[in-house]
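Subject: Structure for you, with notes

Hello,

Here is the structure I promised to pass on. Please open it next to this email; my notes follow.

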Amino acid sequence: MKKRIKLKGRIKSYILFGIYLGILLFIVAGAVFMIDYRAGILLGAFTVFYFVVTLTLYFYNKPVIMNELISFATEYGQIQKKLLRDLDLPYALLDDAGRVIWTNIAFENVIHQPKGYSKSITSLFPTITRDRLPDDTGVDEAQYELEYEGSEYVAKFKKISLKDMAENSDMIEAKGYNGYLIAVYLFDETALHIALQEVDDQSLSVGMIYLDNYEEALESVEEVRRSLLIALIDRKVNKYISSLDGISKKLEKDKYLVILRKKTIAQLQESRFDLLEEVKTVNIGNEMAVTISIGIGLDGLTYAQNYEFARNAIDLALGRGGDQAVIKTPESITYYGGKSQQVEKNTRVKARVKAHALREIITGKDKVLVMGHRMPDVDSFGAAVGIYRIAQTLGRKTHIVLNDVTSAIQPMVDLFRNNPEYDEDMIIDSQQAIEAAGSNAVLVVVDVNKPSITECPDLLRFCKSVVVLDHHRQGTETIENATLSYVEPYASSACEMVSEILQYTYDNIKIRTEEADCMYSGIMIDTNNFMTKTGVRTFEAAAFLRRNGADVTRVRKLFREDAAEYKAKADAVSQAEIYKQYFAISVCTADELPSPTIIGAQAANELLNIKGIKASFVLTDYQGKIYVSARSIDEVNVQIIMERMGGGGHMNTAACQLEGTGLAEAIGILKRTIDSMLENGEI
């Protein structure tokens with residue numbers, strides 16, 4: 001049977017319209033014939049003539065029309081093809097394997113390849129692998145951002161199924177055919193990104209600059225020259241900010257508000273906030289160098305939010321001891337500086353205010369829970385005992401949360417267990433603490449401000465009132481929504497802080513000898529027998545405890561080491577590696593001992609006695625983790641080194657924990673961190 005090409009649709013109706021009109025004339029002619037036969041004959045003759053002419057034209061012109069339509073379709077397809085090839089938008093077709101099979105001129109100009117390029121799309125854009133393209137799993141479209149030869153594009157991929165096209169075709173059989181092509185469109189967004197980056201660079205950031213030791217610096221200079229010192233500091237700050245095209249406004253005698261463009265903050269980061277060091281050069285005879293703290297808020301949704309970020313950042317900078325800059329964004333907090341020793345405040349006004357606030361909080365509750373950090377040390381337990389005495393004096397039921405008793409605190413814990421002077425439930429574990437917690441209980445956290453390493457992190461959620469007393473520098477992770485927070489990095493120990501608070505909480509408070517020994521021990525251990533981080537207030541706190549029954553000889557006996565511990569510490573010291581002339585790195589292998597991490601910390605202290613050593617690091621493999629104890633005297637800030645490795649602490653005493661690494665790998669991480677920070681001038 002011979003197949004013919006037939007017309008359909010609107011064009012068929014248009015061509016057959018003449019025939020339909022002829023049929024209508026026949027009907028009209030019949031009606032007229034019934035009225036007047038002569039008029040009907042005349043109209044009938046005309047209708048026959050019309051039909052003959054119309055049918056003749058239809059059958060004669062039909063092939064011509066079909067040829068014209070086919071010619072038009074062919075030319076239309078060529079026009080479409082030419083338009084697609086000349087389209088300004090880069091466009092290409094890929095086969096189902098991701099290989100290029102057709103490109104237009106714009107696409108060829110982008111990839112700098114001639115017509116006929118037929119390699120995989122991955123050879124052009126390495127990030128676009130086969131598994132990221134649309135496939136048979138139901139993923140019909142995909143979109144990715146990519147960079148090519150300095151330009152930034154958004155690449156859109158769309159799956160074009162050939163199955164439907166094949167089924168509707170008269171030329172091929174479509175049974176079981178599932179092939180497809182992938183259309184690729186490249187949208188050049190380089191100019192858009194440049195414009196957005198420019199807008200972002202011009203956005204305003206808010207900063208705050210505080211003078212850390214304003215009063216102390218003024219007191220160290222002659223009175224007649226104090227105004228000159230203030231003027232020189234103002235000039236230094238204003239000139240520096242003006243050079244960055246920023247605005248600085250003095251809010252108080254020791255506080256400045258700063259407005260800068262975001263682009264300028266990048267310059268400050270590159271220079272590692274050299275304003276911190278420049279201010280220290282202001283010297284007109286003042287014995288104490290002036291230090292500043294900088295807090296900057298970035299990327300907030302509003303200027304008010306940036307200001308709030310700046311306030312949080314300056315609080316962090318001050319809480320970490322000052323002489324540093326902190327940048328806070330919605331996603332991260334970055335620290336710079338922090339190389340100076342903290343300045344001890346001679347006044348106890350703040351301690352007195354915090355003591356009265358703590359008393360008000362405790363008297364408003366029925367129960368007090370006290371906890372320190374995991375694997376508690378002498379300072380943590382001693383501070384908890386001090387808070388226990390305060391709460392007991394105020395007539396409140398008190399519990400100390402303690403899970404694991406390490407060998408370091410075992411002698412002190414034994415002073416209270418099975419002691420008729422103390423309740424049997426004075427020391428409880430985490431589960432008992434959670435059961436005891438409630439809306440009318442206050443939780444006092446001592447010697448730690450990082451919630452993840454507290455003795456029982458879940459307890460922070462069960463207690464509505466939380467008090468934080470700590471002497472460690474604050475980091476990114478802090479205990480939020482604390483009712484009272486007293487964090488003083490210049491303090492030698494948490495026991496020193498609690499000893500001061502004890503003196504103001506209750507008049508003529510009575511401390512038992514066991515409690516005085518515990519707190520005195522905490523001060524002694526954290527100051528390495530009063531050799532590090534020891535100030536006037538440290539000795540005053542120790543004197544207060546001595547007056548209340550603390551005995552040096554008794555404390556010394558509590559912390560005598562057994563032979564195995566002493567040998568392990570000596571072994572760690574003897575195997576130390578001197579790295580880069582100034583850093584001592586060693587490993588403590590004391591697996592058989594109950595508290596090898598404490599031996600490691602003691603070994604790190606011993607290594608500082610080696611001449612020329614600026615910082616010491618001792619690594620201990622314990623319970624599947626690598627514990628790193630870091631110590632220094634004054635020249636190196638080991639805190640920022642440990643923070644880079646995920647830990648924290650003080651400028652002279654810091655630590656971190658590494659999970660999923662071996663000792664050799666951990667030593668490599670430590671060395672690379674030291675190398676990087678030395679190269680960047682951070683230490």
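At what angle do helix H18 and helix H19 pack, and how far apart are their axes? The angle is about 135°, and the axes lie 8 Å apart. H18 covers residues 494–505 and H19 covers residues 513–526. Angles over 145 degrees would count as roughly antiparallel. The two helices H18 and H19 are therefore oblique to each other.

Before going on: this is a predicted model.

**The H18–H19 contact**

H18 contributes Cys495, Glu496, Val498, Ser499 and Leu502. From H19 come Cys518, Met519, Gly522 and Ile523. By type, the residues of this contact divide into 6 nonpolar, 2 polar and 1 charged.

**H18 itself**

Is H18 enclosed or open to the outside? Of its 12 residues, 10 are buried, so H18 is largely enclosed by the rest of the structure. Among the buried ones are Ala494, Met497, Glu500, Ile501 and Thr505. Glu496 and Ser499, both in the contact with H19, are buried too.

What do the buried residues of H18 pack against? The partners are helix H13 (349–363), helix H14 (378–393), S16, S17, H19 and helix H20 (536–547).

The length of H18 checks out. At 1.5 Å a residue, its 12 residues should span 16 Å, and the end C-alpha atoms are 16 Å apart, which agrees.

Which way do its neighbours run? Strand S15 (residues 441–446) is parallel to S16, joined by 5 bridges. Leu443 stands opposite Val466 of S16. Strand S17 (residues 484–487) also runs parallel to S16, with 4 bridges between them. Here Asp470 has Val487 of S17 as its bridge partner.

**A second stop: the six-strand sheet**

Look next at the open sheet of 6 strands, ordered S18-S19-S20-S21-S23-S22, with mixed pairing. Its edges are strand S18 (577–579) and strand S22 (648–649), each of which pairs on one side only. S18 pairs with strand S19 (residues 583–588) in the antiparallel sense, over 3 bridges. Tyr579 has Phe583 of S19 as its bridge partner.

Best wishes

Methods. Residues are numbered from 1 along each chain as its sequence is written. This is a predicted model: local features need pLDDT of at least 70, side-chain atom pairs count only at pLDDT 80 or more; totals for chains, interfaces and linings use all residues. Side-chain values use heavy atoms; hydrogens and water are left out. Two strands pair if DSSP finds at least two bridges between them. Axes are lines fitted to C-alpha atoms, for helices over the stretch in contact, and angles run from 0 to 180 degrees between N-to-C directions. Angles under 35 degrees count as roughly parallel, over 145 as roughly antiparallel, 65 to 115 as roughly perpendicular and the rest as oblique. Contact means heavy atoms within 4.5 Å. Ala, Val, Leu, Ile, Met, Phe, Trp, Tyr, Cys and Pro count as nonpolar, Asp, Glu, Lys and Arg as charged, and the others, Gly among them, as polar. The expected span of a helix is 1.5 Å times one less than its number of residues. Buried means under 20% relative accessible area, exposed over 50%, partly exposed in between (1.4 Å probe, protein chains only).
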